[in-house]
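Some labels in a structure report rest on a cut-off.

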Amino acid sequence: MKTSVNVILILALFLIAAVAISGCSQYGGNQSTQPPAPLAPPQAQPAPAPAPEPAPAPASQTPPAAKSSVKTVYISVLGFGPSIVVIKAGDMVRWVNNDTVQHWPASAAHPTHTVYTEPGGCIGSKFDACHGLAFGEQWNFTFNAKGTWSYHDHLKTISRGRIVVE
Ligand SMILES: [Cu+2]
């Protein structure tokens with residue numbers, strides 16, 4: 001009887017050992033010698049959509065023409081105001097007589113009026129109102145020649161001014 005108990009114990013131990021080995025091989029002993037599966041190659045990123053082409057520039061090759069401006073000189077009993085005006089070539093200056101007596105803007109120098117270089121006018125250059133401006137009357141002149149152009153009042157020669165054309 002004692003032998004059968006021993007046999008049962010041995011069988012039980014054997015069974016326990018078999019279960020233990022089986023558990024180890026199931027959970028911890030599965031150390032595979034196969035190399036790890038290669039990582040999946042990175043997914044190819046879709047190429048970004050090309051940026052839209054900028055709209056072509058207008059066909060015009062010439063820059064817009066510079067806008068000319070007008071500056072006004074008021075004539076009073078005190079003379080020309082402002083007495084110095086700075087403009088760009090192609091700009092216009094407007095003289096407005098705010099005095100009750102006539103005034104006559106014209107290129108320096110009195111009496112020849114030849115300082116401004118564009119020929120013409122009534123005496124010595126194109127820069128000449130060629131008559132006395134009445135009260136409220138205005139006269140416009142466009143300066144195409146660059147330079148510093150002195151002028152005067154042909155009817156009151158002590159009144160002087162200057163136009164700087166850049
Ligand atoms: Cu004069």
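Q: Why is C130 called partly exposed?
A: C130 has 15 C-beta neighbours inside 10 Å. A buried residue needs 20 or more, and an exposed one has 12 or fewer. The count of 15 falls in between, so C130 counts as partly exposed. This is a predicted model, and the count is computed from it.

Q: What makes the phi of C130 worth a remark?
A: Phi of C130 is near 70 degrees. That is a positive value, and C130 is a residue other than glycine. C130 is found in the loop between β5 and β6.

Q: Is H113 buried or exposed, and how do you know?
A: H113 has 22 C-beta neighbours inside 10 Å. The cut-off for a buried residue is 20 or more. The count of 22 meets it, so H113 counts as buried. H113 has a positive phi of about 60 degrees, although it is not a glycine. Its place is in the loop between β5 and β6.

Q: Which peptide bond next to P111 is called cis, and what is its omega?
A: The bond that joins H110 and P111 is cis, with omega about 5 degrees. P111 sits in the loop between β5 and β6, where β6 covers 138-142.

Q: What is the omega of the bond from G81 to P82, and where is P82?
A: Omega is near -5 degrees, and this peptide bond is cis. P82 lies in the loop between β2 (79-81) and β3.

Q: How do you know that β5 and β7 pair?
A: Pairing needs at least two bridges between two strands. Three bridges join β5 to β7 (residues 147-153), so the two strands pair. They run antiparallel. P105 stands opposite D153 in β7.

Q: Why are β3 and β5 called edge strands?
A: Four strands form an open sheet in the order β3-β8-β7-β5, with mixed pairing. The strands β3 (84-87) and β5 (105-107) each pair on one side only, so they are the edge strands. From one strand to the next, the twist averages 30 degrees.

Q: What makes F127 stand out in the largest nonpolar core?
A: This core has 17 residues. V93, F127 and Y151 touch the most other members. The elements that give two or more residues to the core are β1 (70-76), β4 (92-97) and β7.

Q: Which residues is F127 in contact with, leaving aside neighbours within four places in sequence?
A: Contact requires C-beta atoms within 7 Å. On that basis F127 is in contact with A106, S107, Y116, E118, G121, F141, W149 and Y151.

Technical notes. Residues numbered from 1 in each chain as written. Predicted model: local features only at pLDDT ≥ 70, side-chain atom pairs only at ≥ 80, totals over all residues. Axes fitted to C-alpha atoms, helices over the stretch in contact; angles between N-to-C directions. Core = buried A, V, L, I, M, F, W, Y, C linked by C-beta atoms within 7 Å. Contact = placed C-beta atoms within 7 Å.
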